[in-house]
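Welcome! Please take a look at the sequence and the 3D structure below, and then let us walk through some of the details together.

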Amino acid sequence: MKLNKRNKLLIVGFCIVLYICYSFAISNTIHYYREYKKKQEEIAADSDMPRMMAQLSQKEKQLDQILSNYDVNISESFQNDLLKQLTSYSESYHLKIVDFKEPHIISQKGFTTTSYTFSLEGSFNGCLALLNKVENNPMLGNIKHLNFIKKRNYKTNADQLFVEVIMQKNKGV
């Protein structure tokens, strides 16, 4: 069988078409299949969560028992503790707590997330220092949102800075 010029061009053209098909269709399919498998593994790992939650709650009970032996004070009212901390920090940084709203509670997938919203008034540096203290204290929770607002007081002809903070505290059920 002789390979003339036309047959050679057909073979080369066929190879180029195969390469283009692979680069546009087949490689994307393989990529999406690998991504699908990875997501399936994540879903399988999530199905292990109830057993893990039971173990963690048992471990929490053990740790609470150990802490009770050492007379560590565990307060029942986190909101009061947060307000006391904010009050002490705000006094030291010359800030004013303008608003402290009721907590917003969300329960899903075995966790309870409580969001606390409060507003402060004062200098920018004082607000940042207080937020830094709150953020570096792991017992108080995580800061999820900050909103700085500059308002003009037309009676005194001065600018006032307000910061609205949303903090979240997660707790296992």
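## A buried serine

Ser119 counts as buried, at 13% relative accessibility. Here, buried means under 20% relative accessible area, exposed means over 50%, and partly exposed is in between, with a 1.4 Å probe and protein chains only. This is a predicted model, in which local features need pLDDT of at least 70 and side-chain atom pairs count only at pLDDT 80 or more, while totals for chains, interfaces and linings use all residues. Residues are numbered from 1 along each chain as its sequence is written, and side-chain values use heavy atoms, leaving out hydrogens and water.

Where does Ser119 sit? Ser119 belongs to strand β3. Helices (H or I, at least four residues) and strands (E, at least two) are DSSP runs, numbered from the N terminus. Which residues does Ser119 contact, leaving aside its neighbours within four places in sequence? They are Lys96, Ile97, Val98, Asp99, Val163 and Glu164, where contact means heavy atoms within 4.5 Å.

## How the strands pair

Strand β3 covers residues 111-121, and strand β5 covers residues 158-172. The two pair in the antiparallel sense over eleven bridges; strands pair if DSSP finds at least two bridges between them. If you look along this pairing, you will find Thr112 opposite Lys171 in β5.

Strand β5 also runs antiparallel to strand β4 (residues 142-153), and eleven bridges join them.

## Salt bridges

How many salt bridges are there? The count comes to three, taking a salt bridge as a side-chain nitrogen of Lys or Arg within 4 Å of a carboxyl oxygen of Asp or Glu. One of them joins Glu121 and Lys96, with the closest N and O atoms 3.5 Å apart. Glu121 lies in strand β3 and Lys96 in strand β1 (residues 96-100), so this pair ties together parts that are 25 residues apart in sequence. Glu121 is buried, at 15% relative accessibility, while Lys96 is partly exposed, with a relative accessible area of 49%.

Now turn to Asp159. Asp159 forms a salt bridge with Lys150, where the closest N and O atoms are 3.5 Å apart. Asp159 also forms a salt bridge with Arg152, and there the closest N and O atoms are 2.9 Å apart. Asp159 counts as partly exposed at 41% relative accessibility, Lys150 as exposed at 63%, and Arg152 as partly exposed with a relative accessible area of 38%.

## Rings that meet

A search of the whole structure finds three aromatic pairs. Rings of Phe, Tyr and Trp (its six-membered ring) pair if their centres lie within 6.5 Å; planes under 30 degrees apart count as stacked, over 60 as edge-to-face and the rest as tilted. Why does the pair of Phe78 and Tyr116 count as tilted? Their planes are at 50 degrees, so the pair is tilted, and the ring centres are 5.3 Å apart. Phe78 lies in helix α3 (residues 78-92) and Tyr116 in strand β3, so the pair ties together parts that are 38 residues apart in sequence. Phe78 is buried at 18% relative accessibility, and Tyr116 is buried at 8%.

Phe124 and Phe148 form another tilted aromatic pair, at 5.4 Å centre to centre and with 50 degrees between the planes. Phe124 lies in helix α4 (residues 124-135) and Phe148 in strand β4, so this pair ties together parts that are 24 residues apart in sequence. Phe124 is partly exposed, with a relative accessible area of 43%, and Phe148 is partly exposed too, at 31% relative accessibility.

## A charge over a ring, and an exposed lysine

The ring of Phe162 has the charged end of Lys151 sitting over it, 5.2 Å from the ring centre. A charge sits over a ring if NZ of Lys or CZ of Arg is within 6 Å of the ring centre and within 35 degrees of the ring normal.

Is Lys61 buried or exposed? Lys61 counts as exposed, at 62% relative accessibility. Lys61 is found in helix α2 (residues 49-69). The C-alpha atoms of Lys61 and Tyr36 are separated by 38 Å, and these residues are 25 residues apart along the chain.
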